[in-house]
Amino acid sequence: MDDRTDAYYMREALTLARRGLGRTSPNPPVGAVVVREDKIVGRGFHRRAGEAHAEVVALQAAGPRARGATLYVTLEPCPTTGRTGPCTDAILQAGISRVVVAARDPDPHVDGRGLQRLRAAGVEVTTGVLAREAVRLLEAYIVHRRTGRPFVTLKWAMSLDGKISARRDRRTMISGEWSLRYDHTLRNVHDAVLVGIGTVLADDPQLTCRIPGGRDPLRIVLDSRLRIPLHARLLHVRSAAPTLVVAGERAPRERVAALRAAGAEVLVLPGDRPALRDLLAALAGRGILSVLVEGGGTVHAAALAEDVAHKVVAIVGPGLIGGAEAPTPVDGAGLPGGDGDGMLRLAGVTVRRLGEDVVIEGYLPAAQALLKGEVEGGSPARVSVVRAAGSG
């Protein structure tokens, strides 16, 4: 088949893969299609960890028509046994003659071994088809496997003059209905949503996903001294997702006990104000691939200062707030790693309208470099990552 035909069928596989976003962790969202005589005879995507992988679902749908057919899959098939069997074995048993792959799997247990297994068995393998699109879809999984931490997105809404609220202790409605809906769409595809205690005290948020068919992320509150009120709404929402309160070593033990009695998880980390790197490492160990940070300027500044953020989503509303004391999206003394003008510039920037608002999204330089390396054949930044519970 020619390149345009390969791209056509890979787009179908990518569309299927997107249906698994936010549901498959610690596994990646993957889609696959089986094509025989220029016709799709099997489709599949990975629904959640522990269930059949996309390749197996597509092959089962194709049945005997898979013999001699081409399999399009958005991520390299796994050659290992986890909670499910190796996808490479299923492909060989089905009699697939050609496999087209968008991106190589960065998991150290795979990382090219699946491709080698197929080629050694005589299967024709083509790689890199729509790799850029696949890497964007897999960005959280890639960062998790390459760095040992989740993919972190900083999201805020601000006025035209760069303010996120008129006062620190009170919420100001800045964005419109379409942007608020987009916020819930982001929660739907992230494993966790994180705020600081200041946001809880000012806004009393629920941090749930309120779109049809959506699912709630893990709710995380940074609260080193455990000032969160026991009547806070996020402690009492009806949700399958828990609330995790992160405290420092000096947090009162009676408050830890009271919050646990109220149904919250409490994670006590080293230090008076725990480092975000320590928290993110703990989250990665429990299979969290992506974290949406909706905190205030202090939390955003800490994430940037510790170099743990990967992406920024800024929603700009058509209004002015003014005032030297009004909070901004990033507080603190300034950011490290800026250019000669003192600015930390984003890459891969997109700009679009949502109603009357403008949404600006972009990647921080280190994240952009890592993802670009994956598109170009594999990033040199590798770490040994212990596979999280439930993987496979």
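What is the handedness of the crossing of H2 and H3? The crossing is left-handed, and the points below place it among other features of the model.

1. Basis of the note. This is a predicted model, in which local features need pLDDT of at least 70, side-chain atom pairs count only at pLDDT 80 or more, and totals for chains, interfaces and linings use all residues. Residues are numbered from 1 along each chain as its sequence is written, and side-chain values use heavy atoms, with hydrogens and water left out.

2. Helices H2 and H3. Helices (H or I, at least four residues) and strands (E, at least two) are DSSP runs, numbered from the N terminus. The axes of helix H2 (residues 54–62) and helix H3 (residues 87–94) cross at roughly 20° and come within 9 Å. H2 is therefore roughly parallel to H3; angles under 35 degrees count as roughly parallel, over 145 as roughly antiparallel, 65 to 115 as roughly perpendicular and the rest as oblique. Axes are lines fitted to C-alpha atoms, for helices over the stretch in contact, and angles run from 0 to 180 degrees between N-to-C directions.

3. Helices H3 and H4. H3 also packs with helix H4 (residues 113–120), at an angle of about 25° and with the axes 10 Å apart. That makes H3 roughly parallel to H4. The crossing of H3 and H4 is right-handed. A crossing is left-handed if the near helix is turned anticlockwise from the far one by less than a right angle, and right-handed if clockwise.

4. Helix H6. Eight of the nine residues of H6 (residues 139–147) are buried, among them Glu139, Tyr141 and His144. Buried means under 20% relative accessible area, exposed over 50%, and partly exposed in between (1.4 Å probe, protein chains only). Gly148, with a positive phi near 80°, follows H6.

5. The second largest pocket. Its volume is about 690 Å³. A pocket is an open set of points on a 1 Å grid over the protein atoms alone, with protein on both sides within 12 Å along at least five of seven lines; a cavity is a set where a 1.4 Å probe fits but cannot get out, and lining residues have an atom within 4 Å of a point. Of the 33 lining residues of this pocket, Leu21, Arg136, Glu139, Val189 and Lys311 lie nearest its centre. The largest share of the lining, four residues, comes from H7. By class, the lining has 13 nonpolar, 11 polar and nine charged residues. Ala, Val, Leu, Ile, Met, Phe, Trp, Tyr, Cys and Pro count as nonpolar, Asp, Glu, Lys and Arg as charged, and the others, Gly among them, as polar.

6. Two cavities of 30 Å³ or more are found in the whole structure.

7. Backbone points to inspect. Most residues other than glycine have a negative phi, and most peptide bonds are trans. Ser25 and Pro26 are joined by a cis peptide bond, with omega about 10°. Glu37, not a glycine, has a positive phi of about 50° and counts as exposed at 73% relative accessibility. Asp111, also not a glycine, has a positive phi of about 45°, and Asp111 is buried, with a relative accessible area of 18%.

Conventions:
Grid points are joined across faces, edges and corners, and a volume is the space filled by probe spheres set on the points.
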